[in-house]
Amino acid sequence: MNSLWIRLSPLRRHYLPLGVDDDGYHDIPSPLRKRRRLVVALAALVAVSLLFNVLSLVKLSRSSSLQARPLDDFQNLDTSPLIRVQSSSSNGYNANINAIVTTLFSDSYAPAVATLGHSLRKVNTTARLIALYFPEKVSPSALCLAAASGFQPVAVSRIAPPHNGKGIHDHFLDQFTKLSLWSLENEGINALVYVDADTLVLRNFDELFELPYVFAAAPDVWEDRRGMTLEFNAGVLFLRTSMKTYQRMLDVLPTTRFPLFYAEQAFLNQYFSGRTLTLPPVYNANIVTKKKYPELWRSMWEGKEVRTIHYTVVKPFLGPKMSGIGVGEVDGRVKEVKESESGRYSEEVEMWGKMWVETREMYPKIREECIRGTTVKYSGVLLT
Ligand SMILES: *[C@@H]1O[C@H](CO)[C@@H](O)[C@H](O)[C@H]1NC(C)=O
């Protein structure tokens with residue numbers, strides 16, 4: 001008892017485990033013992049650092065295989081010229097050959113498409129508004145709502161994901177249908193700006209139609225260490241239509257190597273790798289920028305430069321778990337989503353909410369035709 005107390009006493013500078021010394025003989029280590037301890041400590045340090053290095057290498061290889069850089073695996077996919085020679089010098093703002101296109105692949109995005117259409121009307125775009133939709137998946141009432149503010153619905157067939165969808169994120173399985181954008185040459189469209197349905201347009205971007213390039217997009221932004229990347233986000237794209245490009249994409253899709261998880265966005269990054277004109281982030285202002293790069297976000301708004309805001313991490317028009325909600329539930333949902341993420345995006349969500357209220361007030365068709373008298377199923381929720 002007594003000796004234990006002595007060993008634990010802070011006054012004893014050289015504690016040795018119980019049972020090692022009975023008489024305190026080892027209390028004052030010899031220089032040899034000291035050196036041995038030093039060697040053991042150094043060896044332990046080396047072992048720990050080795051382990052740490054191995055672990056970081058494993059982690060690094062994992063994360064880099066998830067986001068293999070398109071340029072690291074260059075495959076020479078897009079072989080068309082970077083710049084399309086214009087047949088007429090003044091076709092830039094021609095409403096008939098320019099379009100702003102979105103997609104409606106399920107009923108749940110109908111309020112978003114209607115709101116986006118209204119936002120485009122507000123900025124007086126001169127381009128045609130087209131919404132690509134799946135006739136077999138979108139109900140008549142949802143289509144009516146989506147088209148109420150000006151989008152012209154154009155039916156498309158689904159483009160199946162490669163490898164039977166294996167390895168692709170569930171939410172993105174329909175997204176390869178976006179490749180149909182290039183086929184809109186058949187609709188008489190020369191140039192188009194594609195905008196995801198979860199965007200709002202706040203400022204006219206018709207200047208994009210003047211670009212001589214065939215393809216342009218803004219950098220992607222992630223909350224995590226990746227931050228703003230060299231790869232683009234496929235939520236806003238400028239492109240010149242081309243049946244040839246469309247056919248080439250379909251031809252190479254099954255054999256192209258790209259991170260499948262990120263679906264069409266990763267494929268397009270691979271297809272256009274080394275050939276993309278990078279747009280400033282204000283063309284696709286991903287709200288996550290507010291969290292990741294608050295200074296950049298502030299400057300984008302102060303300069304009133306934001307053309308398109310992209311609701312990536314919070315979606316005011318969807319229910320929890322990305323489910324569809326009835327039209328009557330949207331206002332309530334906006335209130336809830338404003339509080340989510342500790343209210344970080346409440347201003348931006350409010351902006352969407354206001355645009356939605358304007359939309360349903362400005363287009364009485366939404367109440368009178370799309371909703372009243374119909375009991376059409378709408379993503380499992382009745383229109384009310
Ligand atoms: C759009 O056009 C209307 C009517 O000409 C005009 O009152 C409005 O200010 C324009 N909006 C923008 C954002 O230029």
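Let's start with Trp182, which is buried, its relative accessible area being 1%. Here "buried" means under 20% relative accessible area, "exposed" means over 50%, and "partly exposed" is in between (1.4 Å probe, protein chains only). Before going on, note that this is a predicted model, where local features need pLDDT of at least 70 and side-chain atom pairs count only at pLDDT 80 or more, while totals for chains, interfaces and linings use all residues. Residues are numbered from 1 along each chain as its sequence is written, and side-chain values use heavy atoms, leaving out hydrogens and water.

Now for the rings. The structure holds 15 aromatic pairs. One of them is Phe105 with Phe134, a stacked pair with 4.4 Å centre to centre and 15 degrees between the planes. Phe105 sits in the loop between β1 and α3, and Phe134 in the loop between β2 (128-133) and α4 (140-147), so their pair ties together parts that are 29 residues apart in sequence. Phe105 is buried at 7% relative accessible area, and Phe134 is buried too, at 0%. Back to Trp182: its ring centre is 6.2 Å from that of Phe215 and the planes are at 25 degrees, so this pair is stacked. It links distant parts of the chain, with Trp182 in the loop between β3 (152-155) and β4 and Phe215 in strand β6, 33 residues apart. As for the rules, rings of Phe, Tyr and Trp (its six-membered ring) pair if their centres lie within 6.5 Å, and planes under 30 degrees apart are stacked, over 60 edge-to-face and the rest tilted.

Next, follow β6 (residues 215-221) to its neighbour: it pairs with β7 in the antiparallel sense over five bridges. Val221 has Met228 of β7 as its bridge partner. Six residues lie between the two strands of this hairpin, where Gly227 takes a positive phi near 60 degrees. Strand β4 (residues 191-195) also pairs with β7 in the antiparallel sense over five bridges, and there Tyr194 stands opposite Leu237. Strand β7 (residues 228-240) is mostly covered, as 11 of its 13 residues are buried. Strands (E, at least two residues) and helices (H or I, at least four) are DSSP runs numbered from the N terminus, and two strands pair if DSSP finds at least two bridges between them.

α3 (residues 110-122) has 13 residues and reaches 19 Å from its first C-alpha to its last, close to the 18 Å expected; the expected span is 1.5 Å times one less than the number of residues. Why call α3 largely enclosed by the rest of the structure? Because 11 of its 13 residues are buried, among them Ala110, Leu116 and His118. After α3 comes Asn124, whose phi is positive, near 55 degrees.

Finally, look at α2 (residues 31-66), which is where Leu42 is. In the loop between α2 and β1 (98-104) you'll find Arg69, which is partly exposed, with a relative accessible area of 31%. Arg69 and Pro259 are 190 residues apart in sequence, yet 8.9 Å apart in space, C-alpha to C-alpha.
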